[in-house]
Amino acid sequence: MIFFFFFFFFLQLVILSKKVHFQRPAMAEAHQAVGFQFTVTPEGIDLHLSREVLKHIYLSGVTSWRKRAIRLKNGILTGVYPASPSSWLILVIAIMSTLYTRVDPSMGMIDSIKETLPVSDYMTVQTQTVVSAILFATGLWFSLILILRYTLKALLSYHGWIFESHGKKSFSTKLWLNLVKMLSGQRPLLYSFQASLPKLPVPRVEDTVRRYLESVRPLLDDEAYKQMETVANEFEKDPAPKLQKYLILKSWWSANYVSDWWEQYIYLRSRGPIMVNSNFYTMDLLYITPTHRQAARAGNVVHAMLQYRRKLERGEHAPMRALGIVPMCSFQMERMFNTCRIPGVETDYLQHLKDRKHLVVYHRGRFFKVWLYYGGRHLFPSELETQFQRILGDPTEPRPGEERLAALTAGDRVTWARARMKYFSQGVNKASLDAIETAAFFLTLDDESHGYDPENGRSLDMYAKSLLHGKCYDRWFDKSFTLIIYKNGKMGLNAEHSWGDSPIVGHMWEYVLATDCFQLGYTEEGHCKGDTNKGLALPTLLQWDIPSECQEIITRSYTLAKEIADDVDFHSFLFDEFGKGLIKRCRTSPDAFIQLALQLAQFRDKGKFCLTYESSMTRMFKEGRTETVRSCTCESTAFVRAMEDEGKTNTQRLELFQKAADKHQNMYRLAMTGSGIDRHLFCLYIVSKYLGIDSPFLKQVLSEPWRLSTSQTPQQQLNLIDIQKFPKYVSAGGGFGPVADDGYGVSYIIVGENLITFHISSKFFSPETDSYRFGQNIRQAMLDIKALFNVEKKKP
């Protein structure tokens, strides 16, 4: 108070009786954003308030409290699920109605509660009885909720259904499914099942070692296998039992014995660049471009993402369920928005905020902060289009060091962490960096054009490389995801991997694509629908003061990132000779069919087999993420050799194919149900490091390279688009960079009944690999395997 008194006294002395008018700088478009103005006179301060701004402040407050109320309501609904607040009221009424009869459902407990309540003017005998009945009914209600939850958890711990043949359910499985359905309640929210999901079980060491030896048998000669068998058996005797005890203890204490260590040691402690090596991408619709106006596409898509985020924050999305009944864990979805990976010298960490009201946009070397709310509501698509068009038309040149600033997130993590502490911990640099790291997400308005062009065989390759690494400085690789909108209206995502896996991103992406095309739409001229509000405050250009020493660090990070990006050999192609429809008519799993085709292609490409990684989800367990399916088996190698042996008949090859496919399916199911190999061995290795125990077996297992790393990107998780009715509204899925220097990374997406897309990555510097060549081998392998079956593709 004293400070303000002297401040205004000094002003009065300076200006004497002259009136001085203070007002925030304003442009014509932002005039209504001025919240207040005041005039200092000898008589005091004359304060003027803007009714328009006060109105928006009021609306913003109402929206904030409404959001809190909805979160509270949904939190209560989730907390008592599968019961509901109305069931509590029904139970209370039922218990109260028995007070007037001689029946006591509480077996004397109501009377016992009544004896503990004091008698006073406010607590009569009748009031005591009513309160006691309500307390008993509430206790009974909570007890029933716990019983239902633990019963459902016990039912969800059963996984026998997943091992049954497709389309052939036993009586016990049908009974189990009906019980699960009955106990799952009506209209569950996103997090309703979290308390009922079972924990990921710790496999027996004996089973893991046996399956590991089985997985490496086709890759080792007799002598090498005997040596590995000896080392594995020694590990099983000692120190495995000791390590296993600690791991079991962790599984009792934590929600998931794998996920926190997996996130920490596989992702956050990695000190190498995350661009290409960790981040992955997702593509736009293949055949459809809803509008060629860049700002309009950005407006609709950003608005759709805000709608998705609002439902996500309120927990209003329906949980994903296998067979439409068995719930999946929704834990990963919590950190999709408002999240950033923060670099550290020894380890990174994830910063997640509950709600952010802005995003940061990168265009032509500049960073802009754009507010996403106006008057307590999301900006409409047309308003967002206006803001993005203003950014596209802004002639401001980048400040020194600004254009390639994001290359810091693409380079070495230690270099970025030290630069961040030294040059971005104060002043305008800190304020601007905070704006980026706390934004809802990051948006790049790209100055290039990409997408699928049937007349250009390399169009998908260039599109994939652009999404994976861009120019190495035009994506903020630390953000949970960067949305990229191209000059021609096509788009895509680059996602950071530590916070979540591709099915989680795919869930959001399908919602956004469907909302963009079928709900929001565009005008005939390609603009967003709705009126334009010209009173919006202009996007804020972030300010930077980057010294020459920091600019040199940025240049070094860019040089390293450019070397990585230039070495990525990418090939994407559409396989439309046949798809899932024909494969299912062959009475085999589409995933097993493709995995065996990959084994055949790998053998033809290199003349040998290799350790193969296929990602499988474990989200039927609480906080589950992924497990590895080791697709190279004795059965698959026997089939591949038969395909290359001219002395074998198609009947013999087909018999070996069925054995290999059945083996693969069984391994995939084991991985999904918590009986995989690699996550268990990984956690045993972490425990051994904590205990200071040196294990040659674990060291060798963890050092083996995955020269063929594969993943299937899910499609149609939400079924928001009927691709039978709208066959052109399909995405090409996404992909990732190569895992091994001399290996391949392969992502494949089964699109509808008649299309499969492949995304293949490798490194140019390796003389053993060629992504285009491998793609041709995959195509031929698919056709050769299909020829074993006497089926033809159905005509559309």
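User: Is Leu175 buried, partly exposed or exposed, and what decides that?

Analyst: Buried means under 20% relative accessible area, exposed means over 50%, and partly exposed is in between (1.4 Å probe, protein chains only). Leu175 has 44% relative accessibility, so Leu175 counts as partly exposed. A word on the source: this is a predicted model, where local features need pLDDT of at least 70, side-chain atom pairs count only at pLDDT 80 or more, and totals for chains, interfaces and linings use all residues. Residues are numbered from 1 along each chain as its sequence is written, and side-chain values use heavy atoms, with hydrogens and water left out.

User: Where does Leu175 sit, and which nonpolar patch is it part of?

Analyst: Helices (H or I, at least four residues) and strands (E, at least two) are DSSP runs, numbered from the N terminus. Leu175 belongs to helix α6, residues 171–183. A patch is made of residues with over 30% relative accessible area and no salt bridge; like charges are joined within 9 Å, and nonpolar side chains (Val, Leu, Ile, Met, Phe, Trp, Tyr) within 5 Å. Here Phe171, Leu175, Leu179 and Met182 make up a nonpolar surface patch, together with about 450 Å² of accessible area. Such areas come from the Shrake-Rupley method with a 1.4 Å probe; for residues, only the protein chains shown count as cover. There is a general idea to keep in mind: an α-helix has 3.6 residues a turn, so residues three or four places apart point the same way.

User: What does a helix with buried residues look like, for instance α10?

Analyst: In α10 (residues 259–268), the buried residues are Ser259, Trp261, Trp262, Glu263, Tyr267 and Leu268. They pack against α9 (240–253), β7 (339–342), β8 (349–352), β19 (626–630) and α22 (678–691). Contact here means heavy atoms within 4.5 Å.

User: With which residue does Lys250 form a salt bridge?

Analyst: A salt bridge is a side-chain nitrogen of Lys or Arg within 4 Å of a carboxyl oxygen of Asp or Glu. Lys250 forms one with Asp260, and their closest N and O atoms are 2.8 Å apart. Lys250 lies in α9 and Asp260 in α10, so this pair ties together parts 10 residues apart in sequence. Lys250 is buried, at 13% relative accessible area, while Asp260 is partly exposed at 39%. Over the whole structure, a search finds 41 salt bridges.

User: Which residues are linked in a network of salt bridges?

Analyst: The network links Arg271, Arg341, Asp348, Arg413, Asp478 and Glu496. Let's look at one pair: Arg413 and Asp348 form a salt bridge with their closest N and O atoms 2.9 Å apart. Arg413 is in helix α13 (residues 413–423) and Asp348 in the loop between β7 and β8, so the pair ties together parts 65 residues apart in sequence. Arg413 is buried with a relative accessible area of 0%, and Asp348 is buried with 3%.

User: How do β7 and β8 pair, parallel or antiparallel?

Analyst: Strands of a sheet pair through backbone hydrogen bonds, either parallel or antiparallel. By the rule used here, two strands pair if DSSP finds at least two bridges between them. β7 and β8 pair in the antiparallel sense over 4 bridges, with Ile342 opposite Tyr349 in β8. A hairpin of 6 residues joins β7 to β8.

User: In what order do the strands of the open sheet of 6 strands come?

Analyst: The order is β17-β23-β22-β20-β18-β19, and the pairing is mixed. β17 (568–575) and β19 stand at the edges with a single partner strand each, so one side of each is left without a neighbour in the sheet. Within this sheet, β18 (residues 612–617) and β20 (residues 708–712) pair in the parallel sense over 3 bridges, and Glu614 stands opposite Thr710 in β20.

User: And where is Gly526, and which residues does it touch?

Analyst: Gly526 is in the loop between α16 (502–520) and β16. Gly526 is buried, at 9% relative accessible area. Leaving out residues up to four places away in sequence, Gly526 touches Thr291, Arg293 and Ala296. The C-alpha atoms of Gly526 and Gln294 are 9.6 Å from each other, although these residues are 232 residues apart along the chain.
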